[in-house]
Amino acid sequence: DPPEVIDLTRNPPKVINLTRNPPEVIDLTKDPPEVVDLTQDPPEVIDLTQDPPEVIDLTRNPPKVINLTRNPPEVIDLTKDPPEVVDLTQDPPEVIDLTQLAHIVTSNSTCGQFGPEKFCPITSDDLQYIREGSRPEPNRERSTNQDRAFGCGRCDWPTTHAAHHVTERDSPAHWQSSTTHYDLPVSVTVQFTQVHSLRTVEMQSSNSPLPRVWTIEKSLDGKRFTPMAAFADSGETCKVNFPELPIRLLGDVINSQPICRVVQSKNAALRNDVIRVDLAPRSGMNLTAEQLEFLSARSIRLTFHQLHFLKTPDNSSDAEFRRQRASDAEFGRQRAQDAEFGRQRAFFSLSRVSVLGTCHCSGHAKTCTLNPYSKKYVCKCESNTCGDDCERCCPLFNQTPYQPGPVFTSAGQPDICSRCNCNGLASECIYNETVDQSAMSVDSEGKRRGGGVCLNCRDFSAGVNCE
C-alpha cells in the first residue's frame, strides 16, 4: 500500500516504487538492491549499504562522493586540488593559489569591447622605430600578409580576450586591453570567495611586454579599494609617478603601509614575460595585527599605468616625457609621427595571474579546511574564537575583548576571549567596556576584572553574572 508495479518485460523483473516522485527503479539483481535515480543524467547510483546512503557520481574522474548528511550536501573531491586542509604552522606557511578560488574576474578595458579593432604585438624593429625614429623595413604600410607575419590581428568580440582567462590554467586564451585606452590606466580585478591573507602576486604577459609602472590595490567588500604597493623599474620612475610613497628595493617586504618598490621582470621580454612580487616575508609566522589587517583582502586589483617599453629619450627628463603622454600616444608620437602605428601596439596582455595566500583566520588558527561545496576555507579556531575566519569570540567567551592576531599574556596564555562567569545560568555573553572600567563583572576565577555581561539568564536569575 500503495501497490508496487512489477515490470515483467525486464529480465530479471524490476520493481517500480510508485510512492516516489518520480518513481524509483529498484534493481533486485544487486545484493543489496541498488536504487537508481532516474532524474539524473546519467543516473546516479545510491549505495544502500552506507548509513546514511552515499551517492557516488560515476561521471567524475576520479569519482566524487556526495555526503548526504550535510545540508546542502557536500561534494568531497578526491583529487584534493586545491588542498582540503592547509597547515598554517609551517614556516613559511602553506599557501593556496587563490585565483583557483576566484569568484569574479573583470577588467575596465578589453580588446574589442568598443567594436572591432586592429592590434600588432610589439617587435624589436618596432622598438627601434619608436626609440630612434628609424622606420621598419620595408615600410610602415604593411600588407595583410605582412601583418599576419608580424602577428597583427583583430579583436572582433570582447569575449575573445576577456579577463577571466587569466585564472583558467588550461585555457590557451588570454586577456588583452583595448588599444583605445592607450593613455589611460587599465586594470584587472580578481574577487575571491572570501577574505584571505595575501602573500605573493605573480603574473605573466602574453603577446605584449609587462607594464613598466603598475599598482596593487585591495578591497574587503569589492567596492572600496585601498593601495597596497606601487611598482616601477627604477627609483626615479617611482619618484616621478608616486612622490608620496617611500621607495624600497625588491627584497624589502611590505609592512603595513603602501610603498613604491623597484622591481624588474624576469626576462624584460617583449612577450611571455614573468614578474613575481612578495607582499609578506617568506617566513610568514608571527605577523602583527597591523600586518594581518594590511594583507587581508577579498578582492585584488592590478592597475597598469605605463607600458614597459616606454623609455626616456636621452635629451629629456622622465618628468618631461611623462607630461607628453596625452599628446604622444604614450610612447613617442612626436618621434614616430605616426599615431596609428603607435596606438596599435599600445596594449597590455596577461596569460596568467597567480595570487598566493593563506587562510585569513585573524591569527587564531593553525589549520583551515576547504568546504568543497562552497569553495570556502573554514579555520580551526583556537583561543576561544569562533567564525569562519576566527573573527569573533565564541558566545560564552567575551569576558575580555576580541583582538586579531596572536595575543598572549606574559605567561604565554591567550589574552583574549576569556570565559564569562554566568554561574551556569547562561550560554552567551557580551563584552561591555563600561562594565570593565567599573569592575562590575566577576570572571571565572572570582576576580573583578573584564567586562563580560551574561545574556538571557535562566531560572529567573538576573545580573551581570546571573548572580
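Biologist: Why does Glu 202 count as buried?

Modeller: Its relative accessibility is 18%. Buried means under 20% relative accessible area, exposed over 50%, partly exposed in between (1.4 Å probe, protein chains only). So Glu 202 counts as buried. This is a predicted model: local features need pLDDT of at least 70, side-chain atom pairs need 80 or more, and totals for chains, interfaces and linings use all residues. Numbering starts from 1 along each chain as its sequence is written, and side-chain values use heavy atoms, without hydrogens and water.

Biologist: What makes the pairing of the Glu 202 and Arg 352 side chains a polar contact?

Modeller: The distance is 2.9 Å. The definition asks for a pair of N or O atoms within 3.5 Å; within protein, one must be able to donate a hydrogen and the other to accept it, and residues adjacent in sequence count only if both atoms are side-chain atoms. The side chains of Glu 202 and Arg 276 also make a polar contact, at 3.4 Å.

Biologist: Why is strand β23 called largely enclosed?

Modeller: Eight of its eight residues, 352-359, are buried, so the rest of the structure largely encloses β23. Strands are DSSP runs of E, at least two residues, numbered from the N terminus.

Biologist: How do you know that β15 and β23 pair?

Modeller: Pairing needs at least two bridges found by DSSP. Eight bridges join β15 to β23, and the strands run antiparallel. Glu 202 lies in β15, residues 186-204.

Note on methods
Helices (H or I, at least four residues) and strands (E, at least two) are DSSP runs, numbered from the N terminus.
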